[in-house]
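Subject: A structure to look through

Dear colleague,

I am handing over a structure for you to look through, together with notes on what was found in it. Please open it first and keep it beside you as you read.

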Amino acid sequence: MNYLAHVYLARPDHEAMLGALLGDFVFGTAALADWSPVVRREILFHRRVDRYTDDHPQVIQARSLFGEGRRRYAGIALDVYYDHCLARDWDRWSEVALDDFTAPFYRYLLSRLDELPGRLHAIAPRIAAHDWLGSYRDRANVDLAVTRIATRLSRNGERLVDCLDDLRTHEAAIAGGFEAFFPQLVGHVQALRREGPLAGG
């Protein structure tokens with residue numbers, strides 16, 4: 001899952017939402033010591049969510065729709081597209097309007113700017129100024145975000161961009177897979193939270 005889904009799964013506490021976002025920017029176990037218990041917990045939840053997503057049959061099926069040589073990059077495109085599905089139908093998943101959900105979180109994110117690790121520190125002002133989370137509701141921004149990510153890859157960024165062709169070709173099937181997958185992910189996260197604190201990375 002991409003930024004919006006992770007933050008959604010950690011709502012409504014802003015510190016927890018920050019931890020969910022940090023899951024893409026904090027790696028290993030040693031770095032966890034730099035953060036509060038709430039943030040550490042959500043970084044670990046982020047990792048569990050990613051593993052559950054990668055191993056889910058609907059997601060595996062969706063990756064299989066991408067051409068040879070592109071499947072290793074398909075997960076990135078799917079993460080962004082799934083955020084689009086969530087944002088597009090936000091009212092089904094939240095009683096709080098999307099703009100009312102993102103705006104306070106952006107303010108909180110910027111209030112913690114000096115604490116953020118390098119890359120997130122650099123992009124957080126752009127995330128807020130350009131409403132990256134809310135922008136996923138527009139289908140065109142899937143292509144924009146994937147293309148932007150491709151420029152950061154050390155090599156084969158063009159293969160990630162080529163995934164957009166497969167995504168368009170199989171979009172109906174992929175969207176249908178999300179409809180089956182996402183409620184199960186929500187239920188999985190709720191069950192994890194009931195079990196109590198997470199251990200490990």
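A crossing of two helices is called left-handed if the near helix is turned anticlockwise from the far one by less than a right angle, and right-handed if clockwise. Helices here (H or I, at least four residues) are DSSP runs, numbered from the N terminus. The model is a predicted one, in which local features need pLDDT of at least 70 and side-chain atom pairs count only at pLDDT 80 or more, while totals for chains, interfaces and linings use all residues. Residues are numbered from 1 along each chain as its sequence is written, and side-chain values use heavy atoms, with hydrogens and water left out.

With that in mind, α10 passes α11 in a right-handed crossing. Helix α10 (residues 140-150) packs against helix α11 (residues 157-169) at an angle of about 160 degrees, and their axes are 8 Å apart; axes are lines fitted to C-alpha atoms, for helices over the stretch in contact, and angles run from 0 to 180 degrees between N-to-C directions. This angle makes α10 roughly antiparallel to α11 (under 35 degrees counts as roughly parallel, over 145 as roughly antiparallel, 65 to 115 as roughly perpendicular and the rest as oblique). The residues of this contact between α10 and α11 divide into 8 nonpolar, 2 polar and 2 charged, where Ala, Val, Leu, Ile, Met, Phe, Trp, Tyr, Cys and Pro count as nonpolar, Asp, Glu, Lys and Arg as charged, and the others, Gly among them, as polar.

A second pair is α4 (residues 57-64) and α5, whose axes come within 9 Å and cross at roughly 120 degrees, which makes α4 oblique to α5. Here too the crossing is right-handed, with α4 passing α5.

Asp-131, in the loop between α8 (118-129) and α9 (132-135), has a phi near 50 degrees, which is a positive value in a residue other than glycine.

Lastly, Leu-4 touches several residues beyond four places away in sequence, including Asp-83, Leu-86 and Trp-90, where contact means heavy atoms within 4.5 Å.

How values were computed
Helix = DSSP H or I, 4+ residues; strand = E, 2+ residues; numbered from the N terminus.
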